[in-house]
Structures are given as C-alpha cells and as structure tokens.
Amino acid sequence: MGAPDLSLVWAAVILFGVVMYVILDGFDLGVGILFPFAPDERSRDVMMNAVAPFWDGNETWLVLGGVSLFVAFPVAYAELLSHLYLPVVVFLIGLVFRGVAFEFRGKADSSKALWSAAFAGGSWTAAFSHGLILGTVIQGLPFGPDGRPLADPLVWATPFSLFVGLAVVAGYALLGASWLASRVEGGLLRWLVRIGPVLVMLVLAAILVVSIWTPLTHPAIAERWFSLPQLVILMPVPVVTAGLGLALLLAFTRGWVRAAFPLTVGLFLLALGGVVISLWPYAVPYGITIAEAASRPQTQAFMLVGVLLFLPLVLGYTFYVYRVFRGRVSAEEKRY
C-alpha cells in the first residue's frame, strides 16, 4: 500500500474517532448543559447517575483522535494547535471541572450546589469551546504568499466561530435530551419531552444558518455544493436532514422516546458528513491537503499496527459498559 493510501486510512481512523467522540461524549456533555434547567434536585441526581458509568470512557475517543492526528498528520497538528491553543486549553479545563464534579458531588452535602455548578459550567465551557474549534476549522486559517498559515492566535474570535460554538451547545443539549428520554421516567421524562421540540428547532435553524453562511464565505465550497453534477449527487443530504428533523419532532411530540436518540445521531452524522464534503481534501483548511500534512509512510505504517490492535479493545470495552449499565436509572442508584 503506498503513502497516499495510508494517509486516507489514517484520515478514516481520525474521522471515526471524531464521530465516536462527538456522539458519545456529546450526549453526556448535553446532560450537563441541561443540568441547571432540570425540574428539581432529584431530577439532577438521576441525570448525574445516568451518565456516570460512561463519561470517562467516552473521552477515550478524544485521546484516539488527538494522538492519531499527531502521528499521521504532524503538520496539521502543529498548525491547528498553534492557532487554537486558547480554545483547546479552555476545552480541557471544562472537561476537568466536569470530572472533578463527578467525583465530589455525590458525596458532598453543604457544597453540593458548588459541584453542580462545576458540572454544568464545565459542560457548557467544553461544548462551546468544541464548537469554537470546529467553526475555526470550517472557516479556515489565513495563509500567506508562501503557502504557510499566518500567525494569528485570535483567528477563532470571529462571528462565525462564535455562532458555531453556540450551535454545538444546542446540538449537544439535543443529544443529551434524546439519550436521557429513553432512560428516565416521571417528571423528568415529561420535561425532556416538552423541551425536545424546542431543541430540535434550534439545531435545525443552526444547521440552516451554517449551510448558508459557509458557501457565502467560501466560493470553492459553494461551487462544490451547487455546481452540476455535484448538486444532484449531494441533494439527498439536505433533504434527508430535513426528514430526520421532522421525524425527531414527531418522536418528541408523540412520545416515541426510544426513537429520539437514533434519529439525533442520524442528524449529527449528516451534519458531520456535510462538513467533511466541504473541507475535503484539506487537513488545514484551505491551504494544506491531507497528502501534504502526512508523516513519513514508515511512521504511518508502524503506528497503524498499534491502532489496529488498540481499536478493537476500545470498541469491546465501550460495548461492554453500555450493555452492563443499560436500562432505566433512578435517583437512589448511587453510582457516584
């Protein structure tokens, strides 16, 4: 297998890790985003117990994606991280606050409100920073005449990136609500069913705005989506997205709560697919391609052996944990 093929394999590995992280850690971040608005303290206990067995395992996929990017595309890792240092640090601080809250909130008495705030604040901070990073990648880095990115540590501070940050917060809240709806009952379930349609409308509106804003900013992306024959080939993406949004609204309004999470996952996969179609083949949009950012073929081949051994273990562990802790959750179930 030649070097270009190995680069494609690594791009697929990173994309798989990103998708798994967005879906799995997305729903537990979403539970934290919804946390302050829950009907009562008992509902907050149930929400915390529902995600307690999964949150740390979900973050394994973040490690896989980061390490894979460093090994396979070191140029992209260096350029993206140097421009996104502040949002990445804030993102990690948010995750730390969440992790500490999991450990202390269940055992705290007088300081329980403090750890609740840490859990919610960390979730909001991590989700918004994640969106800020995604928005910056979509808008692209500024490139100089020499073909290298210009030094701009505040490249992420744009209206587009800030909007994508808020959109990701809304998206993760929808993931959290749809996942929780199939695992809880009583007043908390009725509250989730009530706010679900609002979150669906927010997410669909955000997808529509980004879908219009991005091609207006980048003529190359507009040409990719709206010229023939791509227009015909890619037309199913927005059509299916709208169909999934309608199905989600029906799922919440008619109480089909078990269908809500798979439908939300489908909505996210289509949105991520749209981003990949827009950015391909760039590793650092819009100046450094995957082939240009790749490490030596020998390095990629050597590390790929480790990933192929490691990946089944992570998948097996993930499947086992979700199987063991499946089913309804109660406030009395002290997992933390």
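The lining of the second largest pocket splits into five nonpolar, three polar and three charged residues. Here Ala, Val, Leu, Ile, Met, Phe, Trp, Tyr, Cys and Pro count as nonpolar, Asp, Glu, Lys and Arg as charged, and the others, Gly among them, as polar. This is a predicted model, where local features need pLDDT of at least 70 and side-chain atom pairs count only at pLDDT 80 or more, while totals for chains, interfaces and linings use all residues. Residues are numbered from 1 along each chain as its sequence is written, and side-chain values use heavy atoms, with hydrogens and water left out.

Back to that pocket: H15 brings the largest share of its lining, four residues. Among the lining residues are Trp-179, Arg-183, Arg-323 and Arg-326.

A search of the whole structure also turns up one cavity of 30 Å³ or more. On a 1 Å grid over the protein atoms alone, a cavity is a set of points where a 1.4 Å probe fits but cannot get out, a pocket is an open set with protein on both sides within 12 Å along at least five of seven lines, and lining residues have an atom within 4 Å of a point. Grid points are joined across faces, edges and corners, and the volume is the space filled by probe spheres set on the points.

| Space | Volume | Most from H15 |
|---|---|---|
| Largest cavity | about 50 Å³ | four residues |
| Second largest pocket | about 270 Å³ | four residues |

Now for Arg-105, in helix H6 (residues 85-105). Arg-105 counts as buried because its relative accessibility is 4%, the cut-offs being under 20% for buried, over 50% for exposed and partly exposed in between (1.4 Å probe, protein chains only). Its side chain makes polar contacts with the side chains of Glu-41 at 2.9 Å and Ser-116 at 2.8 Å. Such a contact is a pair of N or O atoms within 3.5 Å; within protein, one must be able to donate a hydrogen and the other to accept it, and residues adjacent in sequence count only if both atoms are side-chain atoms.

Pro-36 sits in the loop between helix H1 (3-34) and helix H2 (41-51), and is partly exposed at 44%. Beyond four places in sequence, Pro-36 is in contact (heavy atoms within 4.5 Å) with Arg-44 and Ala-120. Arg-44 is also one of the contacts of Arg-105.

Note on methods
Helices (H or I, at least four residues) and strands (E, at least two) are DSSP runs, numbered from the N terminus.
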